[in-house]
Amino acid sequence: MSKPSDTLYKALQDFPRKRITLEKLSRLCSDSEQLNEQIIELTNQGVLVPIKSSGTNGNQKNPLFMRYTICIENTIQVSPDEINALHPRLSANGYLLRNRMQFVNNRAFLCRLTEWLTNQKDNDMMSRRERSFAIFGEEKELDNHLRLLEAIGITGDMLRYYETPEQCFSDYIPIRKSTMTLLICENKDIWFNIRRLMYESQANTLFDTQIDGVIFGQGNDITGKNKFRSYAAYLGADTIRFLYCGDIDRAGFDIFLRLCKAAEELHIELFLPAYKKMLELSRNIQLPDSEDKRCIIPEMSGILLKFSVDEQEQITHILQNNKRLPQEILSYPVLADNMR
């Protein structure tokens, strides 16, 4: 039994013009209740090409364009033999046979990919852009065809490439292990000093907590969508305990909370010994005003309970008065005295 879209396709073959309105499509449609589904299917096949300047019908859930170009002659000109001549991996799931305009629009890309899959003898893995350049002489060619590759069932393993993390953070991890504890530092100076002590003195215990490496979080940069999640996946460890150390102010805690939300599955913790030391060192110091003028105090109920009553009062005072206790109070001498 033929599908409703097949009936509409046959009607379009006999349509006398190259362009058609949504109103006329609805008249040609044998099942008006499935109009949206049929038009989307024929659009995906390349039979109907939306004229975007015509605007849509105003339906927010299922928007359809008001006019389309009919491209049946292009799909007819592509024979199944042309598609079946591609490497078997490219035609295995039948997507290109069902959507022949995808073959028409991407013919050169698919033919070059066929050549590579047929002749390639290199099993070494490389990044996606490196593989793209090796195949096409263009480093972004695979990037430009990711949806097509997914549709025809081609994976990175098949093309022998891996994904690089969206954001590579500066880190120092002397020895990669399957289980690690890594310290994220909001600011560059403390990251550099801990890195220096780990490198020069082979120190790996800070405030009685063993760490296997230190990461520069780059302030707000770490909270970008999927940035830290993709970096963590790149490390390839079985288990990583992430500790976080930043400024004690509104912005610093906001960064930590947003990071925890962005990478919830990583269970990132505050590095409490460092925060407690910062509070201890600041007791007799006049703190500077924060540069954060947003007047937003982060939700601290879950954080404050981790500190003593006195420390809670200190933190609350800093936040309510919009003061700033910078991480840099943990200067190199302080870190050297507390790291072994």
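## Two crossing helices

Helices α9 and α10 are roughly perpendicular to each other, a label for angles of 65 to 115 degrees. Helix α9 covers residues 107–119, and helix α10 covers residues 128–136. They pack at an angle of about 95°, with their axes 10 Å apart. Axes here are lines fitted to C-alpha atoms over the stretch in contact, and angles run from 0 to 180 degrees between N-to-C directions. Helices are DSSP runs (H or I, at least four residues) and strands are runs of E (at least two), numbered from the N terminus.

F109, R112, L113 and W116 in α9 meet R131, I135 and F136 in α10. Contact means heavy atoms within 4.5 Å. The contact residues divide into five nonpolar, no polar and two charged.

This is a predicted model, where local features need pLDDT of at least 70 and side-chain atom pairs count only at pLDDT 80 or more, while totals for chains, interfaces and linings use all residues. Residues are numbered from 1 along each chain as its sequence is written, and side-chain values use heavy atoms, leaving out hydrogens and water.

## E130 in α10

E130 is found in helix α10. At 43% relative accessibility, E130 is partly exposed. Buried means under 20% relative accessible area, exposed over 50%, and partly exposed in between (1.4 Å probe, protein chains only). A polar atom of the E130 side chain lies 2.9 Å from the backbone nitrogen of S127.

## The nonpolar cores

A nonpolar core is a set of buried Ala, Val, Leu, Ile, Met, Phe, Trp, Tyr and Cys residues joined through side-chain atoms within 4.5 Å. The largest one has 58 residues. I194, F228, F242 and L330 have the most contacts inside it. A second, separate core of 21 residues includes V78, F103, L159 and Y161.

Beyond its neighbours within four places in sequence, F242 is in contact with several residues, among them L182, I215, F228 and H267.

## A buried asparagine

N322 is found in the loop between α17 (309–320) and α18 (332–337). N322 is buried, at 14% relative accessible area. A polar atom of its side chain lies 2.9 Å from the backbone oxygen of D292. Leaving aside neighbours within four places in sequence, N322 is in contact with R250, D289, S290 and D292.

## Two positive phi angles

R160 is not a glycine, yet has a positive phi of about 60°. R160 lies in the loop between α11 (146–151) and β5 (161–162). R160 is partly exposed, at 24%.

H267 is not a glycine either, and has a positive phi of about 50°. H267 sits in the loop between α14 (250–262) and β12 (269–270). H267 is exposed, at 60%.

Key:
Polar contact = N/O pair within 3.5 Å; in protein donor to acceptor, adjacent residues only side chain to side chain. Parallel < 35°, antiparallel > 145°, perpendicular 65-115°, else oblique. Nonpolar A, V, L, I, M, F, W, Y, C, P; charged D, E, K, R; others polar.
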